[in-house]
Protein chains: 2
Amino acid sequence: MPNIWILRIGHRPQRDKRVTTHVALSSRALGASGIYVDTADRVLEENIRSVVDRFGGDYTIETGIQWKKLLKDFDGEIVHLTMYGQRFDESLPKISREKDLLIVVGAEKVPPEVYQAADFNISVGNQPHSEIAALAILLYSFTDGRNLYSDRNGNLTVIPNERGKTVVEKHS
Amino acid sequence: MPNIWILRIGHRPQRDKRVTTHVALSSRALGASGIYVDTADRVLEENIRSVVDRFGGDYTIETGIQWKKLLKDFDGEIVHLTMYGQRFDESLPKISREKDLLIVVGAEKVPPEVYQAADFNISVGNQPHSEIAALAILLYSFTDGRNLYSDRNGNLTVIPNERGKTVVEKHS
């Protein structure tokens with residue numbers, strides 16, 4: 001299986017702190033390899049790395065990146081998530097499963113260059129939505145949800161429980 | 001198909017404004033009938049109603065509700081989304097498709113009463129996640145995504161487009 005990367009464009013550290021955190025955590029939970037964020041944000045980086053340190057896996061985060069260069073140099077397919085894009089159920093089968101994938105998640109205004117650079121502009125429904133929700137459904141469908149319960153070899157592991165909370169802590 | 005309702009617990013208007021908005025918008029996009037929010041929040045109500053006014057459908061929002069009473073009186077099945085819960089892929093087939101469904105989405109601390117009142121405590125993966133992403137995957141899977149492209153008869157309709165933005169406005 002190739003790697004899946006997320007590119008978050010239009011991140012404003014104060015306003016988008018929680019939304020971009022949700023984008024990172026949910027894409028990690030669904031098996032993405034890492035996230036690129038356009039605006040530099042050390043606090044966001046530390047928060048995500050702290051989750052990786054505790055719960056395992058090798059999800060990476062890089063902020064303050066030059067997104068135009070990344071789009072130009074990326075070796076793989078580029079998908080841009082937008083409520084104006086083509087139907088997700090019709091587009092998904094066209095995306096290669098052999099190449100790496102870069103999924104662009106925009107904030108309020110996305111420059112026209114992104115629509116042009118993308119191999120696919122895709123909507124998960126054409127209603128006002130949540131970019132977090134749309135990304136989650138796209139990743140879940142593209143991977144058949146196979147990464148949701150994969151072992152991350154973390155220091156903390158949550159064990160499914162009917163009514164309570166079970167967390168196993170590994171002492172190293 | 002029965003109705004699906006969302007109950008958002010632990011909403012703090014300042015801090016959670018955008019996250020609860022994402023919960024509401026994405027559940028509307030995926031076909032839920034409406035959302036109940038524990039803390040009164042007129043701004044949130046107005047924002048969601050404005051989307052419904054423009055884009056159609058009959059999604060409702062009520063804030064400042066007594067959630068313990070709602071959990072007690074709800075006529076249908078109650079699902080609580082928690083990263084500590086049972087595997088979603090194993091739990092989903094057990095949920096009735098005949099009864100109404102109430103999905104409880106918590107914020108940071110969820111009182112033990114919620115775990116007790118729920119018919120199912122379910123996790124979408126046992127990794128740190130986003131409640132917005134987990135809810136979206138649960139709704140998408142439970143409904144087979146059938147509501148994502150349903151017509152809402154709104155004044156504004158977005159038409160899928162390969163590279164640009166196409167919005168049709170109905171004049172009434």
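Which handedness does the β-α-β unit made by β1(B), helix α1 and β2(B) have?

## Strands and crossovers in chain B

In this predicted model, strand β1 (residues 4–8), helix α1 (residues 13–29) and strand β2 of chain B form a β-α-β unit that is right-handed, a term used when, with the strands pointing away from the viewer, the path from the first strand over the helix to the second runs clockwise. From β2(B) the chain crosses through helix α2 (residues 42–55) of chain B to β3(B), and this β-α-β crossover is right-handed. Helices (H or I, at least four residues) and strands (E, at least two) are DSSP runs numbered from the N terminus.

β1(B) and β2(B) run parallel and are joined by four bridges, while four bridges also join β2(B) to β3 (residues 60–63) of chain B, again in parallel; strands count as paired if DSSP finds at least two bridges between them. B:W5 has B:G34 in β2(B) as its bridge partner, and B:Y36 has B:E62 in β3(B).

## The covered strand β2(B)

In a regular strand the side chains alternate between the two faces of the sheet. Strand β2 of chain B (residues 34–37) is covered on both faces, with B:G34 and B:Y36 buried on one side and B:I35 and B:V37 buried on the other, where buried means under 20% relative accessible area, with a 1.4 Å probe and protein chains only.

A pocket is an open set of points on a 1 Å grid over the protein atoms alone where a 1.4 Å probe fits, with protein on both sides within 12 Å along at least five of seven lines, and lining residues have an atom within 4 Å of a point. The volume is the space filled by probe spheres set on the points. α1(A) gives the most to this lining, with eight residues.

The second largest pocket has a volume of about 1100 Å³; of its 38 lining residues, the closest to the centre are A:M83, A:A107, A:E108, A:H129 and A:E131.

## Basis of the values

Residues are numbered from 1 along each chain as its sequence is written, and chains are lettered from A and ligands numbered from 1 in the order in which they are written. Local features need pLDDT of at least 70 and side-chain atom pairs count only at pLDDT 80 or more, whereas totals for chains, interfaces and linings use all residues, and side-chain values use heavy atoms, with hydrogens and water left out.

Conventions. Buried < 20%, exposed > 50% of the residue type's maximum accessible area, 1.4 Å probe, protein only.
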